Structures are given as C-alpha cells and as structure tokens.
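Hello,

Here is the structure I said I would pass on. My notes on the contacts follow below it.

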2 protein chains.
Amino acid sequence: MTPGYAINKIVDALPSIKISIEPEDLVCYGFDASGLEGSPSAVVWPKDTGEVVKVMQYAWQNEIPVTPRGAGTGMTGGSIPLNGSIVLSFEKMNRLLELDSDNLNVIVEPGMINGRLQRELEYLGFFYPPDPASMNFCTIGGNVAENAGGPRALKYGVTKDYVMELEAVLPNGEIITTGVKTPKGVVGYDLTRLITGSEGTLAVITKIRLRILPLPEEVITLLAMFDNLEASGAAVSKIIASRIIPRTLEFMDAETIAAVENFKPVGIPGGVEALLLIELDGHPSAITKEAGKIAEICAALNAEVKMAEDIAARNKLWEARRAVSPALYNLSPSKINEDIVVPRNKIPDMLKGLRRLSEESGIKIVNFGHAGDGNIHVNIMADRSDAEKYRKAEALVKEIFTMTLGFGGTISGEHGVGITKASYMSMEIKKHELDLMKGIKNVFDPKNILNPGKIFI
Amino acid sequence: MTPGYAINKIVDALPSIKISIEPEDLVCYGFDASGLEGSPSAVVWPKDTGEVVKVMQYAWQNEIPVTPRGAGTGMTGGSIPLNGSIVLSFEKMNRLLELDSDNLNVIVEPGMINGRLQRELEYLGFFYPPDPASMNFCTIGGNVAENAGGPRALKYGVTKDYVMELEAVLPNGEIITTGVKTPKGVVGYDLTRLITGSEGTLAVITKIRLRILPLPEEVITLLAMFDNLEASGAAVSKIIASRIIPRTLEFMDAETIAAVENFKPVGIPGGVEALLLIELDGHPSAITKEAGKIAEICAALNAEVKMAEDIAARNKLWEARRAVSPALYNLSPSKINEDIVVPRNKIPDMLKGLRRLSEESGIKIVNFGHAGDGNIHVNIMADRSDAEKYRKAEALVKEIFTMTLGFGGTISGEHGVGITKASYMSMEIKKHELDLMKGIKNVFDPKNILNPGKIFI
C-alpha cells in the first residue's frame, strides 16, 4: 500500500469537503485517550452521509486506510490512525435527527455527544441508559463502535442493547441500512449487532436509531463505606442474591478513594478500605424498600451507609466517580489500565489475586469499576520513566488476564480490543472463532482499508 | 450433490450413534408447524456434542445437507429437511446442565423445552422471560435459532437478549464457543448474536448459556374488551405514552375471539370487537398504580376492563391466548400465517389497511398478536381446497408486506424467514446487505450443507 501520492491529492480530489492536511490538525487527531499516537496524512470532517461515501470511494480506489473517530476517549487505541492514513472525524455530524416519542426511539448522527443526548432526553422525560464515565465528551458513534458500557449496564445493559438500526458506509462506499425500526425483527442475519462493537473495522456508521425508555420515576443513591476490601465484594454478592438489581453498583478501593480525594475531594473519611456507590431507580416505594434492604446488608458487613439527600449531593458523588480515571492518570500518567470482567461472585477472589500480584511485584495496583457486572478497571500504576519497572508492569498484564480467564472472565468488558489488547486476543478467542471473525472482516473489507491494525494482529 | 450412497451408509459409518432410516421416522421428522414437508434420508438423535461433531464430519466429508431440529413448532419451515438429507434432532440433549444463582445464568442443552425451563426456574425464584406461544413444546435450541419472541418481549426483549454464550459445531465438525460468561464482554465480533436467529444455517448449537432474572414480586393481569377495533389500537399507544411498559400487551380481534371461544371457551361476551390482554409485573404498589392508570385509559375508550382475580383465572386467560394459533388452524388448516411488525403507533392504520384488503379480496383476514411491540400475526383464512381463492390469498401476502414496509415495519417479527418468507426477503433486505449475509454464510459454511434452502433463495 503506497497511499502517499493519492493522499496528497485528496484536498484537490474532494474540493467540496472540509479536509485538513495541516500539521497541527494531524497531530491533534493522531492520538487518543489510550496514550498511543499515529501520524495521519489528512483529517476529514464530513457533514453528511454523501460526503462519507465520497471519502470512502476515494480511499477504496486508492487503497488508503481510513480510521473513523468520535471524541478520541477510547482506552484501547481504536481511533489511532495508521501513519499516512485518513482520519474521518464526526464532529460536524452531531445532530439529533428525530425523536419518536410514540415508538420510543431516536435517530442521531454518530458525532452526537452521549451526555448531550442524555440531557435532551431527560428534559423531555425520556432516558438513554448507557453512561460511560466519559459521557460528557464521548460520542454515540464511538459508543456504538466500541459497544460502550457504563455503571448503569448492571440493570440496563450496554450500547448494543439499544441500537435498533444503523446506516453505514461500507469500505467500498456503498451505503447499507441494517436492523429495524421496530422492537422486533428477524429477517436475515443480525448485521446491526455485528457492526456494533466492531471498532470501526467493518463499516463507517453514519446514522444510529437508538431505543429509549421512559425516565424512571425516582432515583436513590447510596454510598457504602467499608473498612475491609473483601466485605465490599461480599456485599455485592449478597445484594444480587437478595433479588435486587440496582441500576449501578460501583466499586472503588482505598487507593482509588485516595486518588479522587486528592484530585476532587468529596469528603470520604480516612480508614475506608473500599466503597460502593449504589443507585436504584423505579417506583418510589419499591426502591425505598430495596434501599433499606441494601443498607441492612452493608451494615451487617460493618459498612457505614449514607444516602444522597438531594440531586446536588448525588451529582457530587457521581462527579467523584467520573473523576477516578483522570485522578489516576494524574498520579501516574502512563499507568496501564485494564478492563477485565469476572463472574460477579469471583470478585473477592480476583481482588485477592490482584493484591497478591501487587505485593509480589512491588507495583501498586489500583482497582475500581462496575462491581455489579464483575467489571473491574485494574490500574497498574507504573511510570514509563522507570523502564525496568514498566517492563515488569507490562508483564503483569498477562498474569492478570490469565487469572481473569481462569475465573471464567473476559479481558475486555467495555473498552474493546483496539491496539492495546490485540496481542492478548488469542488468550481468550481460539483459532476457529478468530478465523470466523477474520473471514467476516474480509467479507466487509476485502482491501483491509477500514481501521486496519485494530482487533486482529 | 449426490448424497445417496453416503447417506445409506450412515448407520454403518456411525454405529455408536442413534440413527434411524425407517420410513415412519423419516415421515414424522419431515414436516413441521409450517405445514411444509421434506423427505430426509436419516434422522439422528445425538446425545452429546461429540456425537454432533461426528455427524457433521460425516456430512461434511460426504456433502450431505443437515437440518438441525428442535420441536418442529416453527412457522416458516426452518426445520424442514431437504430431500435426502440428515435431520439432527435434539430430543436427547434436553438437560439443564448448570444453574448459577450467584451470577444469574443457566446452561441448557438445545433440546430443553422452554416451558420446562420456565417452571424449573420459577420454582427456585428465577425467571426466563422469552415465552413463545408454543412454550410448552418448543425447545430453547429452536428459540435461539429463530430468535424467538413472545408476549413478554415488550418489557423483556427476545431470545437474543438472554443468550450469553454458545457452544456450537461448525459445518466441518469443529467446535466453537462464542460469547462470555459475564454480563459484559467486547473481545472481537459478536458471533453469539450472529448465530442467534441464523435459523440453523451457520452452526449447530450444542450448549446455551442464558441470562436469567429474579422472579418478579407480583403479577397483575387485565383483560380489556373493546366494542371498536381502532379503540384498542389507540389504547396501546396511550398506555405506552403514559410511560407504562407492561410485560405484555396482547391483542385479539373479533374473529380471533370467536375462534378461541369456539375452540377453548373462556366466556368473552358477544359484541366484543377487540381485546387486550395486559400483564404487569414488579413491585406490588407500583403495578397496582399502573393497573389503575391502564384501566382508566381503556375505560375512557369505552372498554370493559376485568382483572384476573387469582392464578387460575390468569392461567385461563393465557391458555386462551395460547390456543389462538391452534384454534385458527382448526378453522382453516391451510391458512396463511404472517408475522409482521409495524411501529406501534401505526397499528390502527395497519389494521384499517388489512380490513380494506380483506373487503376488497373477499378473503377473511384474522389478526392477533403482540400489540405493544407492533407485532401482528396476520392470518389469511384461505383453504388449499379452493385453488383460485388460495392463489388470491397468496397474492395478498405481497400486498400486506408492501403495506407493512411502507409503515416502516418488518415482514417477520419472531418467526424467521425459513422457506415461506425467503422469496419475499428482497422486499426488505437490499442487495448490499444481502450480499454481506451471503458472504457470512460462506465463511461459516462454504459447502452449504447446513440447513440449505433457508433464508436465502
């Protein structure tokens, strides 16, 4: 592939489309939240599907790699462009195109910010559950590409559970529409679910119809503070075993709490070894009863339980939760961030195993995440400036994944595979399954121009 | 393909496996609820995955078509074998292999009867929502293959929303495992969702891990009887618009009611033009309030509303609902049964359109189904014995599909494509999307031996 000549002509070849080849744009669009970097040769901001088609036709004819990009908040490098390639940025395709309140769905363009959609819907009495921690920045297109999760996944599922219909452009520039406008539909293979979570490797998403829900009547937010790490894990299991499905069941360990208190204080007292941020929604009397039961369970495990008294108090707790990732990066800018999931009753064992690995290696491991799902964000706090320690930290990743898979878990719960996990993929996905996936990729993208170098290596 | 010689040797070639080539078995396993028939050359009852592997290896080497079969309750001919082929029947692989109450999931073999799983789980305080009308006969394997729905899909989604992990055998005999044991997982393409609903054309499912839920605390069942068809459609829209999502919102028109009263009387008074069977579940005070609101909405539309006073009364109503399909077949054994879905606010227009088609053609059209989803089972009551009328009835199908698609709907909500809808598929699925699906089929099954002649023609 020698895209050099054609890429230099792209500005002339597509004169009606906003394209930059300026170095400052190429740098800004070359990195994302994974900390990785690439050097694209052009950044394109299409304003509609027709422009995406033109870009893809040009890329297809000239065999130039294309990387679609939302807000660049992905953790595994899914939006890192190949050197010399085209970045397709969806900042100008960010509108809410349709709200169908009778049939409970919306159509959005891929550049729509998740948090903006949330707020617009809430104002009208509707609810879009998926809420990645980066919701105030990340785009719905990126959410669909990565099949993003978030705290509320425990009760409400992840992005794929809300995608009804997709308009997308194939690598060769053909437009496809997948899925249905209705809650049910079984005509042919489920291309919608296949494209959702495919990390921009199968087709460029240009329109998304999402299922929405009525806004829950009431929300109760509880904070449970434990003096013992294992007790918090036991609380998670006991809550679920008591037949309560909260909408969130978030976990932070002592190191995470300290990092947040340092970065954005919320007043967690010293001596707290773990906390759970638990949120219930639904009918007021139902969730009041459930909240009481949860408080009992946590108290029996020696936790101190507080209820957020108003929206401001609730928002403060959630701001703290959403500040976890930046707070940890602030402590250790080159920390290694994993996103494992284990069956939820294996959380205490997994946390014990992580502590053992940390003690043996002498490297701090900090954990937080979606305990209700068994989804733990494991942060290996190493710094690139200490080369030997960093190498040791990288070696820990494989040990953590082995342990995770041993517990029946998965190496990526909501961050995707991208570049950073691609070399570990064969630990989880065996040869025949991987061959099927590669076969599917080849059906969609025989020239391998769409986000190459991701998922598969 | 000349499978004749090899198929005759299958009994000798696989001596440890239960196989029949007796005419009475070949007849019994040659038809299903679609009314279609095929003439297989062998019926195989594997008892474990290893035996499925052996059968598929033999079929692959000898290029013999194989049709996996659950209970044969499918409506579109998905389990009809090609002449000369092998039927793979899962009656002996029908066990509940594991119940993980901590992590809320079960592993079942494909031959497990849906209703049996429901009852075993309910007894233990758990809940598996998908409830096709044939639930007392149909298998979970068939449900997964067809992505079966049912009344409760309105609140709880369809089969695909519960499938976490699949073990399956590829056409060449290789075993694959797809999906994860955890609520989240984003490593690679979603093969689980791709196989779910693929109507036995991609892989033979041998084990299924299903998500389960805690059993809802309480259920309320309401029957609303309308003196006017359009009013029942308006009630559906108003209920959803009032932010209530019942677990079922079932619809029957006057003809359906008459057929059921004739077949299995429940005592619906004369003069009822349409009824809604509405079920709510959840916290007692929440659903009591919602039931009151629904009763108000229906009463304002001049309906008479009754509440089932006990479990016996509720079961009687549901038995009547589940008797609809047999009752209509009883009236007209060769009726044409469609399974369209329209956005739910288009139901009144669709029903009006169907009435117009019925009046113009002089052919009775009877409608019932899952109104909350917009999923209407349209029954064209024609008899094969009247050849000209039957031809006219078949011509109506295309008009009904055109109308459905015009309203933004789909031609199959939960019955699949199989054989009966294959020739209409291109009305809904356009060329590029169809090419992708065929490409995917070719990746899984390059010899086209797995359930050939289904979905694609």
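Chain B and chain A bury about 6,400 Å² between them, and carbon and sulfur atoms give 64% of that area. The model is predicted, so please read the values as computed from it. Each chain brings 79 residues to the contact.

The rule finds ten salt bridges across the interface of chain B and chain A. One of them joins the side chains of B:Asp161 and A:Arg193, at 3.8 Å from N to O. That distance falls inside the 4 Å cut-off for a salt bridge.

On the chain B side, several elements supply at least two residues each, among them strand S9 (175-179), helix H8 (191-195) and helix H11 (284-300). Helix H17 (431-444) of chain B is another, and the largest share, nine residues, comes from H17(B). By class, the side of chain B that touches chain A holds 34 nonpolar, 25 polar and 20 charged residues.

Within chain A, the division is into domain 1 (3-89), domain 2 (96-214), domain 3 (218-316) and domain 4 (327-406). The contact between domain 1 and domain 2 of chain A takes 14 residues from domain 1 and 16 residues from domain 2. These two domains of chain A bury about 1,200 Å², 70% of it on carbon and sulfur atoms. Across their interface the rule finds zero salt bridges and one residue pair in polar contact. On the domain 1 side, helix H4 (residues 49-62) of chain A gives the largest share, six residues.

Regards

Definitions and conventions:
Residues are numbered from 1 along each chain as its sequence is written. Chains are lettered from A and ligands numbered from 1 in the order in which they are written. This is a predicted model: local features need pLDDT of at least 70, side-chain atom pairs count only at pLDDT 80 or more; totals for chains, interfaces and linings use all residues. Side-chain values use heavy atoms; hydrogens and water are left out. Domain bounds come from an automatic or database domain assignment. Contact means heavy atoms within 4.5 Å. Buried area is the accessible area (1.4 Å probe) that two parts lose on being put together, summed over both. A polar contact is a pair of N or O atoms within 3.5 Å; within protein, one must be able to donate a hydrogen and the other to accept it, and residues adjacent in sequence count only if both atoms are side-chain atoms. Helices (H or I, at least four residues) and strands (E, at least two) are DSSP runs, numbered from the N terminus. Ala, Val, Leu, Ile, Met, Phe, Trp, Tyr, Cys and Pro count as nonpolar, Asp, Glu, Lys and Arg as charged, and the others, Gly among them, as polar.
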